[in-house]
Amino acid sequence: MSASIEIDNVTKRYGALTVLEDISLSIEAGEFVVFLGPSGCGKSTLLRMIAGLEDVTAGTISVSGSRVDTLPPGKRGVAMVFQSYALYPHMTVKQNMSFGLENIGMAKAEIESRVLAAAETLEISHLLDRKPQKLSGGQRQRVAIGRAIVKEPKAFLFDEPLSNLDAALRGRTRLELAQLHQRLGSTMIFVTHDQVEAMTLADRIVIMNARKIEQIGTPMDVYQRPASKFVASFIGSPAMNFLPVTNWETNASGLAVTTAGLGRVETGFHMEAGTNPEGATLGIRAEDFTVVPQGSTGVPLMAEVVERLGDRSLVYGVLDDGSKVVVEADGRSLIKAGDRVTVSADPHAFHLFGADGRAYRREAD
């Protein structure tokens with residue numbers, strides 16, 4: 001069973017401090033949605049309001065068409081998995097998973113059936129008689145998820161559940177969560193500040209910043225068509241390169257933009273006559289630069305640091321005007337710090353942002 005979730009004009013204040021302002025969002029039944037943003041943006045607070053752990057100052061929250069923001073947490077039909085595993089150390093895995101169901105007086109046979117089914121789904125059947133101190137971090141997290149599964153909720157809410165795991169275990173647990181979603185088909189909301197988790201898990205990403213939603217879209221939507229300079233800088237590793245625009249002019253092929261670092265470049269954008277370029281920024285990702293042979297058309301770059309990642313190399317360099325950019329090169333590249341190379345940029349991959357940080361769109365977008 002899965003549920004749609006509707007968040008309508010929700011605001012959260014603590015006294016005079018506003019932490020979320022006029023948030024509206026529709027989540028479809030069975031969808032995996034990730035709330036992504038920097039620390040303090042309000043993503044965990046929003047999740048806790050859905051769960052009923054925080055009151056709503058204004059607005060409404062509905063699950064499957066029924067308003068729930070006035071209901072206690074246990075009546076909302078959702079289950080939360082926290083950053084800390086919060087397992088009872090004196091109980092076995094089986095007892096931890098069944099405890100909540102026993103508290104509401106569920107029949108023992110039904111509890112047994114649910115616990116065994118959840119354990120099989122999570123591949124922890126062999127751990128049911130162990131206590132938490134005998135488990136690895138990843139196993140403890142699966143028990144915490146199992147405790148949520150046995151409740152058969154309409155939606156699962158995950159509050160940075162992988163942040164306590166080491167890098168290798170995070171990668172494996174990400175895969176397990178994706179497979180779990182496929183098996184259960186349940187509505188899942190996942191909070192993280194880690195863009196890799198968001199890009200690999202989400203059907204849609206809700207990018208939050210400064211009390212508001214910056215953009216909602218599929219992982220590739222927000223990567224390829226960021227709605228703002230903030231989104232462009234937050235999504236992608238390394239972050240997008242930004243170069244201040246000094247001038248632009250419209251011609252038959254579109255907008256030609258001048259930056260001190262790249263000079264005059266055709267962008268393919270079409271701008272209304274009279275649009276002011278003051279404060280505008282040109283953006284381009286590292287992979288949309290190409291290192292070209294010396295003597296080819298391009299701009300010179302002085303390599304300062306070369307980061308070798310195996311399948312690719314990242315060249316951190318300086319353009320002639322002093323602008324710092326990151327350029328992607330082949331993993332077998334022989335470029336080293338101190339080398340002077342020539343790079344060119346794909347004009348179809350440029351992004352353009354106004355002084356307010358909002359993205360301009362090409363007609364094709």
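Visitor: Which residue forms a salt bridge with Glu-112, and how far apart are the closest N and O atoms?

Guide: Start with the general idea. Side chains of opposite charge can pair when their charged atoms come close. Now the case here, in a predicted model. Glu-112 pairs with Lys-94, and their closest N and O atoms are 3.1 Å apart.

Visitor: Which parts does that pair tie together?

Guide: Glu-112 sits in helix H3 (residues 108-122) and Lys-94 in helix H2, so the bridge ties together parts 18 residues apart in sequence.

Visitor: How many salt bridges does a search of the whole structure find?

Guide: The search finds 20. Take Glu-214 and Arg-358, whose side chains meet at 3.3 Å, N to O. That pair links distant parts of the chain, 144 residues apart. Glu-214 belongs to strand S10 (residues 212-217), while Arg-358 lies in the segment after S20. Glu-214 is buried, with a relative accessible area of 18%. Arg-358 is partly exposed at 36%.

Visitor: Which residues are linked in a network of salt bridges?

Guide: Lys-12, Arg-48 and Glu-54 are linked that way.

Visitor: Now the sheet. In what order do the five strands of the open sheet come?

Guide: General idea: strands of a sheet pair through backbone hydrogen bonds, either parallel or antiparallel. Here the order is S13-S12-S11-S14-S20, with antiparallel pairing. Strands S13 (263-266) and S20 (351-353) stand at the edges with a single partner strand each, so one side of each has no neighbour in the sheet. From one strand to the next, the twist averages 40°.

Visitor: How many bridges hold the pairs S12 with S13, S11 with S14, and S14 with S20?

Guide: Take them in turn. Strand S12 (residues 254-259) pairs with S13 over four bridges. Strand S11 (residues 241-251) is joined to S14 by four bridges. S14 and S20 are joined by three. Each of these pairs is antiparallel.

Visitor: Which way do the residues of strand S14 point?

Guide: In a regular strand the side chains alternate between the two faces of the sheet. In S14 (residues 281-284), Thr-281 and Gly-283 point one way. Leu-282 and Ile-284 point the other way. All four are buried.

Visitor: What about a charged residue with no salt bridge: how far from Arg-147 is the nearest side chain of opposite charge?

Guide: Arg-147 is buried and has no salt bridge. The nearest side chain of opposite charge is Glu-102, 12 Å away. Arg-147 is found in helix H4 (residues 137-149).

Visitor: What does the side chain of Arg-147 reach?

Guide: The backbone oxygen of Ala-86, at 2.8 Å. Beyond four places in sequence, Arg-147 touches Tyr-85, Ala-86, Leu-87, Asn-96 and Met-97.

Visitor: Where does Thr-92 lie?

Guide: Thr-92 lies in the loop between strand S6 (78-81) and helix H2 (93-103). Buried means under 20% relative accessible area, and Thr-92, at 15%, counts as buried. Leaving aside neighbours within four places in sequence, Thr-92 is in contact with Leu-128, Asp-129, Arg-130 and Lys-131.

Visitor: Last, the whole chain: how many helices and strands does the chain have?

Guide: Eight helices and 20 strands. Of the 365 residues, 48% count as buried. The C-alpha atoms fill a box of roughly 75 × 45 × 35 Å along the principal axes. Among contacts with a separation of 6 or more, 64% come from residues 24 or more positions apart.

Methods: Residues numbered from 1 in each chain as written. Predicted model: local features only at pLDDT ≥ 70, side-chain atom pairs only at ≥ 80, totals over all residues. Heavy atoms only, no water. Helix = DSSP H or I, 4+ residues; strand = E, 2+ residues; numbered from the N terminus. Buried < 20%, exposed > 50% of the residue type's maximum accessible area, 1.4 Å probe, protein only. Lys, Arg positive; Asp, Glu negative; His and termini not counted. Salt bridge = Lys/Arg side-chain N within 4 Å of Asp/Glu carboxyl O. Polar contact = N/O pair within 3.5 Å; in protein donor to acceptor, adjacent residues only side chain to side chain. Contact = heavy atoms within 4.5 Å. Pairing = 2+ DSSP bridges. Axes fitted to C-alpha atoms, helices over the stretch in contact; angles between N-to-C directions.
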